[in-house]
Amino acid sequence: MKTECSGDFVKLNGKTYPCTVSLTMDLVGGKWKTVILYHLKDGVKRYNELCKEMPSVTEMTLSLQLKQLEKDGLVSRKVYGRKPPIKVVYSLTDFGKSFVPVLEAITQWGNQTVLERGEFLDAAVD
């Protein structure tokens, strides 16, 4: 029997899932979580840096996704200073870093797909 199907359910942080794929998609699925992790894989970033690197994400969505990634233990948020202007930085935790090989595989697959079936563009096109 496959490891991901060795039981009827799996449990992490008090949540029950039907399988490990479902668990993984809850942690990193959706339009922005994996993109955020990709931008943090090379080091610490401030919120505004992430905004600039992902101009099509709204600030509210970015904030919510960062909070969820932090809650799930993939991203660390560190605050420097006590009164404005404070400095807040985000980075991958060790758990988040364990996802980097998957990010690299997704990136490689995406690049190959565009080379074979699409095209790279110089500017955003609606």
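**Salt bridges and helix packing**

Mentor: Exposed is over 50% relative accessible area, buried is under 20%, and partly exposed is in between (1.4 Å probe, protein chains only). Bear in mind that this is a predicted model: local features need pLDDT of at least 70, side-chain atom pairs count only at pLDDT 80 or more, and totals for chains, interfaces and linings use all residues. Residues are numbered from 1 along each chain as its sequence is written, and side-chain values use heavy atoms, with hydrogens and water left out.

Trainee: Okay, and which residue forms a salt bridge with Asp 42?

Mentor: That's Lys 41, with the closest N and O atoms 3.6 Å apart. A salt bridge here is a side-chain nitrogen of Lys or Arg within 4 Å of a carboxyl oxygen of Asp or Glu. Lys 41 is partly exposed, at 24%.

Trainee: How many salt bridges are there in the whole structure?

Mentor: The search finds 3. Glu 53 pairs with Lys 45 at 3.0 Å between the closest N and O atoms; Lys 45 is buried at 15%, while Glu 53 is partly exposed at 33%. Lys 15 pairs with Asp 26, and there the closest N and O atoms are 2.8 Å apart.

Trainee: What does the Lys 15 and Asp 26 pair tie together?

Mentor: Lys 15 is in strand S2 (residues 15-17) and Asp 26 is in helix H1 (residues 20-28), so the bridge links parts 11 residues apart in sequence. Helices (H or I, at least four residues) and strands (E, at least two) are DSSP runs, numbered from the N terminus.

Trainee: Staying with H1, which of its residues are buried?

Mentor: Leu 23, Leu 27 and Val 28. Down the axis of H1 they fall within an arc of 105°, so they line one face of the helix. That arc is taken from the directions from the helix axis to the C-beta atoms.

Trainee: New topic: at roughly what angle do H2 and H6 cross?

Mentor: Roughly 105°, with the axes of H2 (residues 33-40) and H6 (residues 100-117) coming within 10 Å. Axes are lines fitted to C-alpha atoms, for helices over the stretch in contact, and angles run from 0 to 180 degrees between N-to-C directions.

Trainee: And which residues meet there?

Mentor: Thr 34, Leu 37 and Tyr 38 in H2 meet Leu 103, Ile 106 and Thr 107 in H6, where contact means heavy atoms within 4.5 Å.
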